[in-house]
Amino acid sequence: AVTFGVLGAVPGVLLGSFLGVQMAQAIDEPLLTHIEGFSLSSSAIIVGLVMGLLIPFLAAIVPVLLGTRVTILQAMTDVGISADYGRGRWSRAFRALPLPTNTRQAVTNVLRKKGRLALTWLTLTLAAGAFMGIFGMFVSINDKIADVFDSFNSQITVTPNERQDFDHLRSLALAVAGVEAVDPGIGLSVELVGYVSPDTGTSQLQMTGLAPAAESMQLDIKAGTAWRDDPAREGLVLTQGVATGLGKTVGDTATLVAQGQRVDVEIIGIASFLVDQGFMEWQQLAELVGSVDAQGQPAPTTMMVRLAAEDPTVSEVDEVIDELDEALLAEGIATNQVNQVKFAEDIAQLITMFGSIFQIAAIVMAVIGAIGLLSTLSMSVFERLREIGIMRSIGAGSSTIAGQFLTEGLLVGLSAWLVAVPLAYLIAGGLIESMEIGLEGVGFDPSALWIGLIGMIVITVLASLGPSWSATPVSYTHLTLPTITSGCRSRWSPYH
């Protein structure tokens with residue numbers, strides 16, 4: 001076991017060092033970091049070597065202890081099959097099933113070595129559960145993020161460094177080629193009585209003031225009518241998480257605190273959104289927080305710019321931003337501008353990157369499970385040479401013998417997938433809770449189950465092909481060969 005650990009740990013550490021650099025460089029840009037050069041991490045190498053040596057040693061303890069208890073009588077009388085083989089409850093139940101003889105035999109053979117089967121089955125179950133749980137969670141996250149960015153119909157957000165006349169800003173923006181419309185908006189935090197932020201632990205809630213009659217933002221309203229019938233209606237739209245935390249619903253009132261004043265606002269809608277958020281008509285929110293011009297009129301703090309091009313690319317939006325920035329600077333107006341298309345792509349890329357890292361770990365587990373199944377079936381072929389020879393003697397063809405081993409592999413894989421289905425839900429829920437993903441509505445995407453099933457079938461078939469193929473050349477002559485000679489080939493062996 002120690003030798004196997006050394007043989008695995010040394011190339012594993014070398015390969016891990018190389019892959020670690022590649023992964024770090026891959027997530028360099030999305031994380032806004034900069035990696036210069038390459039350096040070895042002594043702590044990572046030590047951890048890799050310790051794990052590579054310790055795990056095989058620990059895994060060998062139970063087999064070694066069992067091996068020390070084998071008696072001479074057991075070694076001389078063991079024929080690979082227990083005395084009660086084929087007489088148990090499971091065997092009788094399988095014989096009663098309306099299945100072909102070859103399939104029933106495959107099911108019985110799977111249960112022949114229960115300990116070995118349990119280890120292989122457990123590895124495949126954990127691998128399938130981890131892969132489906134991780135894949136389903138990140139698919140759900142990507143879908144929710146896409147839904148949120150779909151609700152923002154503006155491609156550019158412009159925030160002046162100093163308060164400006166909105167009509168003047170809009171006229172300057174509309175003069176830029178490619179700009180179709182400019183809508184007012186406000187973004188800031190307001191105290192909401194009874195609310196506790198899961199991120200900061202305070203009662204501050206991020207509020208967005210929008211123009212309901214415009215198309216810059218379209219909320220997914222789950223309850224209430226919001227501004228559907230009256231775009232100028234006063235009221236508050238809360239996300240589902242905030243409303244649930246407050247114990248409020250449509251028609252209730254929520255208390256907002258701004259400029260030292262407490263204001264009760266009617267809840268006119270519940271929206272589905274990724275994070276805790278509140279939405280109000282921008283003029284009402286401006287008056288609440290004191291965002292007014294010199295004449296006391298509500299003044300927006302941001303501009304939401306919509307482009308004429310349908311589904312513009314990041315580079316196309318950047319070109320408009322450059323022209324817009326030049327037009328505003330020519331008037332002495334400094335602004336901060338956000339490319340919403342690039343922001344959405346960066347978030348999606350970051351989520352995909354982390355999802356890929358988790359999935360690589362799950363795929364490695366699946367490969368280990370496939371190797372375990374390959375080893376189990378290969379040993380089964382070696383142990384059942386006489387049985388295969390008897391099947392040959394009564395007319396079994398190569399396809400029948402290969403089909404039996406393929407069926408055994410598929411039975412192990414499909415049973416592991418069935419148990420992995422509820423495990424995948426538990427893993428997804430545990431990851432969401434442990435990672436503290438504050439995204440509303442994120443859960444488990446059921447499509448991961450079917451992808452996991454297809455992957456399990458592919459893995460088990462590939463792992464079973466080798467042993468199945470190696471079993472087909474076995475002939476009747478194996479019946480006459482002493483079992484003990486099959487493993488002895490050295491000249492000095494007295495049993496050769």
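Which residues form a negative surface patch? In this predicted model, local features need pLDDT of at least 70, side-chain atom pairs count only at pLDDT 80 or more, and totals for chains, interfaces and linings use all residues. Residues are numbered from 1 along each chain as its sequence is written, and side-chain values use heavy atoms, with hydrogens and water left out.

The negative patch is made up of E316, E319, D322, E323 and E326. Patch residues have over 30% relative accessible area and no salt bridge, and like charges are joined within 9 Å; a salt bridge is a side-chain nitrogen of Lys or Arg within 4 Å of a carboxyl oxygen of Asp or Glu. Asp and Glu count as negative, and the place of a charge is taken as CG of Asp or CD of Glu. One of these residues, D322, belongs to helix α10 (residues 314-329); helices are DSSP runs of H or I with at least four residues, and strands are runs of E with at least two, numbered from the N terminus. D322 is partly exposed, at a relative accessible area of 49%, where partly exposed lies between buried (under 20%) and exposed (over 50%), using a 1.4 Å probe and protein chains only.

Turning to the strands, L236 and L238 point one way from β5, V237 and T239 point the other way, and all are buried. Strand β5 runs parallel to β7 (residues 261-272), joined by 4 bridges, and L236 sits opposite I267 there. Strands pair if DSSP finds at least two bridges between them.

A226 is buried, with a relative accessible area of 4%, and has a positive phi near 50° although the residue is not glycine.

Methods. Patch = residues over 30% accessible without salt bridge, like charges linked within 9 Å, V, L, I, M, F, W, Y side chains within 5 Å. Areas by Shrake-Rupley, 256 points an atom, 1.4 Å probe, with all protein chains shown as cover.
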